[in-house]
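Biologist: I have a structure to go through today. Please take a look at it with me.

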Amino acid sequence: MDQAAARYAATITEAGLRSHLEVLASDAFEGRELGTPGEKKAAAYIVEQFRGFGIGPISRAQERGLLADGYRQQFPVERVRMGGLSMRVAGKEFTFGKDLLYFQEALTHALKVPEVMLLGPVTAGGTRLGGGSKVVMYWAAGNTGLMEGKDLLAALSGTGTEVLLVVNDSAGAFMARFGESLLRGRMQLAEGGGQREGKDMQLVVVSPEVARYMLQAAGMKEKRALKESARKRVMVRVPVEFAYTNRSERLTGENVLGYVQGTDLRNELVVVSAHYDHVGKIDGEVYNGADDDGSGTSAVLAMAGAFAKARSEGNGPRRSMLFLTVSGEEKGLFGSRWYTDHPVFPLDSTVADLNIDMIGRTDTVYGDSSRYVYVIGSKRLSSELGAVVEEQNAAHVHLGLDYRFDSDDDPNRFYYRSDHYNFAKHGIPVAFFFNGVHADYHGPHDEVDKIRFDLLLQRTLLVYYTAWAIANRDQRPALDAGKGN
Ligand SMILES: [Zn+2]
């Protein structure tokens with residue numbers, strides 16, 4: 001069997017890896033951001049490569065509705081953008097990010113009130129909150145308002161209050177810091193139709209200028225109103241209107257699956273994974289993510305080609321292989337989470353996940369000439385899997401295997417930060433291959449011309465030989481005592 005392993009290893013070359021990476025990490029793919037046209041282009045490229053290797057669609061999964069076209073596993077994503085809520089006080093418009101800020105939207109309908117209840121520090125802490133006011137404004141001295149605001153939300157819950165305005169001296173600083181990113185939005189998996197959490201009250205942070213405007217418009221003096229509000233309920237008689245437009249949108253992410261069926265042990269599955277998405281375009285600049293994780297995606301494609309060729313020549317693996325390129329990693333490991341929550345092949349017959357994220361460069365710890373790779377998690381669930389990685393490295397590749405990040409007290413927490421973790425949490429043995437971070441990590445200069453193709457090839461071969469060994473051994477890697485589910 002070893003001779004066959006080496007024969008198909010020879011199909012994996014620097015030139016082949018480069019040809020994949022030059023496409024995936026080109027500007028035409030617009031940084032491959034989840035849910036964007038760039039992601040779709042990359043997915044289409046991967047499907048086309050699988051087809052070219054003779055890897056057919058997974059028809060059974062397609063028939064069961066699990067895969068769109070036998071290759072693509074689609075998952076729903078919501079881009080949640082704040083700023084849909086606007087506020088008018090006596091006809092004057094206040095805007096998100098400038099006058100007001102919030103981190104979650106709960107009020108998703110229009111609301112108009114003729115007055116606002118003003119709470120001062122003592123009324124807030126005491127028992128005189130009462131209810132019946134749809135809009136409550138909490139104004140305490142200094143910057144303590146926001147934390148207390150969260151307690152107030154709980155205290156006011158169920159009293160009919162829909163909006164709690166918290167006046168904060170630092171509101172302007174918050175807005176400068178978070179406003180733009182909240183307007184740009186963040187993505188989340190849209191499980192269960194993407195409904196919002198059941199918050200019944202809207203917390204809005206406003207600047208003191210907004211509060212002052214309200215008092216002025218109501219013909220009230222600031223000092224006196226605040227003083228009174230410390231003793232009793234004070235009503236600010238000014239019309240306040242909220243309007244809401246949903247700025248969020250539904251998107252679709254796609255994992256792309258290439259399946260090479262095994263022979264006598266075909267019901268067991270070895271997964272080789274990498275994320276093909278990256279962070280997209282930021283301020284008009286394309287972030288190509290050549291190392292992150294164009295390198296891993298190219299490696300997975302090269303291995304898929306090698307295994308497919310082996311099978312077509314009668315030397316296919318005993319266990320089935322799943323070449324799984326996932327999306328949405330950059331947003332929070334969405335694609336791998338979706339796959340393991342909606343597995344196309346049973347998780348209990350999935351024997352290992354070998355995951356690759358960034359294997360095309362060197363980091364700041366190692367010099368340019370170093371032949372190394374960080375291995376993470378390979379001994380955590382199955383020391384047998386860890387041993388296979390070492391055996392195969394010693395037999396074929398001779399890289400320095402560095403385990404420094406493979407520790408629970410690693411402050412970087414890399415074990416939890418890439419897609420293998422979604423397999424590990426289901427008790428599936430994993431090994432994660434990684435070159436460490438560098439100055440271009442998540443920057444606009446993570447480009448193909450900085451890739452060390454000699455190292456990319458060696459690291460790919462380590463994963464390839466490990467996959468080959470796992471796929472062809474008599475026994476699947478055993479879980480160590482007390483590990484797994
Ligand atoms: Zn990555």
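Biologist: Which residues does Asp-419 touch, not counting residues up to four places away in sequence?
Modeller: Asp-419 touches Ser-273, His-275, Val-326, Glu-329, Leu-333, Ser-336 and Asn-355; contact requires C-beta atoms, placed from the backbone, within 7 Å. Please note that this is a predicted model, in which local features need pLDDT of at least 70, side-chain atom pairs count only at pLDDT 80 or more, and totals for chains, interfaces and linings use all residues. Residues are numbered from 1 along each chain as its sequence is written.

Biologist: Is Asp-419 buried or exposed?
Modeller: Asp-419 counts as buried because 32 C-beta neighbours lie inside 10 Å. A residue is buried with 20 or more other C-beta atoms within 10 Å of its own, exposed with 12 or fewer, and partly exposed in between.

Biologist: And where is Asp-419 placed?
Modeller: Asp-419 is in the loop between β20 (400–402) and α13 (420–424). Helices (H or I, at least four residues) and strands (E, at least two) are DSSP runs, numbered from the N terminus.

Biologist: How many residues of helix α11 are buried?
Modeller: Seven of the eight residues of α11 (334–341) are buried, so this helix is largely enclosed by the rest of the structure. Ser-336 and Trp-338 are among the buried ones. The cover includes β1 (72–80), β14 (265–275) and α13.

Biologist: Changing topic, what is the order of the strands in the open sheet?
Modeller: The order of the four strands is β3-β2-β12-β5, with antiparallel pairing; two strands pair if DSSP finds at least two bridges between them. The edge strands, β3 (92–94) and β5 (111–113), each pair on one side only.

Biologist: Which residue in β3 is the bridge partner of Arg-88?
Modeller: That partner is Glu-93.

Conventions:
Two residues are in contact if their C-beta atoms, placed from the backbone, lie within 7 Å.
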